[in-house]
Amino acid sequence: EYIISFIAREDNLFFVGDVKQSIYRFRQADPTLFIEKLHTYSHSMGSIVHLNNNFRSHGDILDAVNLIFSKVMKEEILELEYDVDAMLYPAPDSWQTRANKEECTCEDSSCMGKGISAVELLVLKQEKEEDEETEEDTDVAELAKEELEACMLANRIKALLKEPFYDPELKTCRLPKYKDIVVLLRAANRW
């Protein structure tokens, strides 16, 4: 920053970055530096261009991320307020905005009518009341947390395979296949 101050003029300095990335302190990142510049330039000079169109993720995923982050990313906790400027949005007139818009017109009574939600949150509850415990619970209690998560996920996938959903390519509903399902993990080295 010291060197930049010698070569910068009012019309040739710009900053590019995403303060949301630096809250993890990856490689000793200090989000306060970027936040300071953001506040300085937004209040006195220059302009800010928010690049918040996302071209990769389904609109349902972006909605879920925005909802969760807007509740937990608060300035008093993380030095960043996740507001409308920080949120990610589907690119206008993209596959993301067209997804899940078409209705299925099939006659199958089990059809859900539209595409299934792209986001599900499975919560593993490990605490049990003492009087609730069954013989099956005793076997489950011996499993490691990762094994419990894997069992819970396998059961949900088995259930999903029985729920028809609308396939926009076929323009009708069908049962999901394993290749339709993606499981994202933080790290794969323990699996």
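R174 is buried, at a relative accessible area of 19%, where buried means under 20%, exposed over 50% and partly exposed in between (1.4 Å probe, protein chains only). Before we go on: this is a predicted model, in which local features need pLDDT of at least 70 and side-chain atom pairs count only at pLDDT 80 or more, while totals for chains, interfaces and linings use all residues. Residues are numbered from 1 along each chain as its sequence is written, and side-chain values use heavy atoms, with hydrogens and water left out.

**Exercise 1.** Find the salt-bridge partner of R174 and say how exposed that partner is.

*Solution.* Start with the rule: a salt bridge is a side-chain nitrogen of Lys or Arg within 4 Å of a carboxyl oxygen of Asp or Glu. R174 pairs with D180, and their closest N and O atoms are 2.8 Å apart. Next, check the cover: D180 is partly exposed, with a relative accessible area of 34%.

**Exercise 2.** Work out whether the length of helix α8 fits its residue count.

*Solution.* Helices here are DSSP runs (H or I, at least four residues), strands are runs of E (at least two), and both are numbered from the N terminus. The expected span is 1.5 Å times one less than the number of residues. Helix α8 covers residues 145–160, which is 16 residues, so it should span 22 Å; its end C-alpha atoms are 23 Å apart, which agrees.

**Exercise 3.** Sort out which residues of α8 are buried, and then look at the pair E149 and K145.

*Solution.* First, L148, I157 and L160 are the buried ones. Then take the pair: E149 and K145 sit four residues apart in α8, about one turn of the helix. They form a salt bridge, with closest N and O atoms 3.3 Å apart. E149 is partly exposed at 27%, and K145 is partly exposed at 46%.

**Exercise 4.** List the residues of the largest nonpolar core.

*Solution.* The rule asks for buried Ala, Val, Leu, Ile, Met, Phe, Trp, Tyr and Cys residues joined through side-chain atoms within 4.5 Å. That gives seven residues: V19, I35, M73, L80, Y82, A86 and M87.
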